[in-house]
Amino acid sequence: MNAGFETVHGDVQPLDWLCLAPHPDDAEIGAGGTLIRVAQAGKKVGILELSRGEKGTQGTPDVRGQECARAAQLMGLAWRGQLGLVDGEIVDTAKAAHRLAAVLRALRPKVLVVPHFNDRHPDHFGAYHLSKRAVHLAQLQKAYVGGEPHRVSRVLLYQGNADITPTLLVDVEAVQEVWAAAILAHESQFAGAAISETVTPEIVERRRARQSYWGTLGRVRYAEAFEVETAMVVDPLAL
């Protein structure tokens with residue numbers, strides 16, 4: 001345990017990218033291909049589960065933590081950890097925001113990837129609003145959350161259980177095999193009975209269908225979709 005969070009893979013270190021996941025496996029499902037691509041490019045990438053998924057129908061927190069570690073190895077992550085908020089009760093409170101801000105100061109990510117607020121699951125849109133406050137607190141000199149202030153350079157919102165209108169598409173065709181293996185490392189969720197549209201043995205097939213759709217719009221085979229809330233500077237020669 002370190003500064004109120006638990007490490008399940010790797011070492012606490014400054015990261016280039018950090019993805020916030022309400023539950024184990026959310027990051028792989030929504031943004032896994034992009035995280036793998038960035039890690040393969042030599043960047044330091046991490047995932048922070050906000051909860052341990054303890055209220056899920058299948059699996060236990062310990063089993064799911066082991067699955068997170070296996071997936072992290074497959075993805076080439078530099079670090080993965082869990083904040084330990086209560087599953088099913090992830091909301092924007094001052095206490096939770098201070099805890100998350102302390103983690104941001106410890107890991108110092110340049111890019112933060114968070115769930116999109118357009119989602120049927122309360123924990124997903126709760127995570128979005130919680131992240132907004134934590135990002136703000138982390139950069140304030142007089143916010144007493146521990147560690148040195150840190151400013152996140154860019155926040156990306158990833159797709160969960162609902163449609164979004166993306167402003168950024170990432171080509172993930174080259175990492176399809178690793179991405180699928182990372183999702184299926186969460187065996188307790190995806191090797192048993194179908195519980196929902198997400199907790200199902202068909203998860204890779206279903207999410208790949210979404211990637212195919214976004215890929216069509218981006219003129220590639222498979223893409224992951226993100227929304228950027230602030231304008232990005234783009235080199236016109238790269239268009």
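Predicted model: local features only at pLDDT ≥ 70, side-chain atom pairs only at ≥ 80, totals over all residues.
Residues are numbered from 1 along each chain as its sequence is written, and side-chain values use heavy atoms, with hydrogens and water left out.

The model contains an open sheet of 8 strands in the order 1-4-3-2-5-6-8-7, with mixed pairing; strands, like helices, are DSSP runs numbered from the N terminus (E, at least two residues, for strands; H or I, at least four, for helices), and two strands pair if DSSP finds at least two bridges between them. Strand 1 (6-10) and strand 7 (168-171) form the edges, each pairing on one side only. From one strand to the next the twist averages 25°, where axes are lines fitted to C-alpha atoms, for helices over the stretch in contact, and angles run from 0 to 180 degrees between N-to-C directions.

Within this sheet, strand 2 (residues 17-21) runs parallel to strand 3 (residues 45-51) and is joined to it by 5 bridges. Trp 17 stands opposite Val 45 in strand 3, and Ala 21 stands opposite Glu 49 in strand 3. Because 5 of the 5 residues of strand 2 are buried, this strand is largely enclosed by the rest of the structure; buried means under 20% relative accessible area, exposed over 50%, and partly exposed in between (1.4 Å probe, protein chains only). In a regular strand the side chains alternate between the two faces of the sheet. In strand 2, Trp 17, Cys 19 and Ala 21 point one way, while Leu 18 and Leu 20 point the other way.

Helix 2 (residues 61-75) lies across strand 1, strand 3 and strand 4 (79-85), running at about 35° to strand 1. This helix has 15 residues and reaches 21 Å from its first C-alpha to its last, close to the 21 Å expected at 1.5 Å a residue, the expected span being 1.5 Å times one less than the number of residues. Its buried residues include Arg 64, Glu 67 and Met 75, and their cover includes strand 1, helix 1, strand 3, strand 4, helix 5 and helix 6, contact being heavy atoms within 4.5 Å. Just after helix 2, Gly 76 takes a positive phi of about 75°.

In helix 7 (residues 203-218), the buried residues are Ile 203, Val 204, Arg 207, Gln 211, Trp 214 and Gly 215. Seen down the helix axis, these residues fall within an arc of 105°, so they line one face of helix 7; the arc is that of the directions from the helix axis to the C-beta atoms. The face turned away from the buried side carries the exposed residues Glu 205, Thr 216 and Leu 217. Gln 211 is buried, with a relative accessible area of 4%, and among the residues that it touches are Val 172, Trp 179 and Tyr 222.

The structure holds 3 aromatic pairs, and one of them, formed by Phe 5 and Trp 79, is edge-to-face, at 5.6 Å centre to centre and 85° between the planes. Rings of Phe, Tyr and Trp (its six-membered ring) pair if their centres lie within 6.5 Å, and planes under 30 degrees apart count as stacked, over 60 as edge-to-face and the rest as tilted. Phe 5 lies in the segment before strand 1 and Trp 79 in strand 4, so the pair ties together parts that are 74 residues apart in sequence.

Methods: Lists of a residue's contacts leave out its neighbours within four places in sequence.
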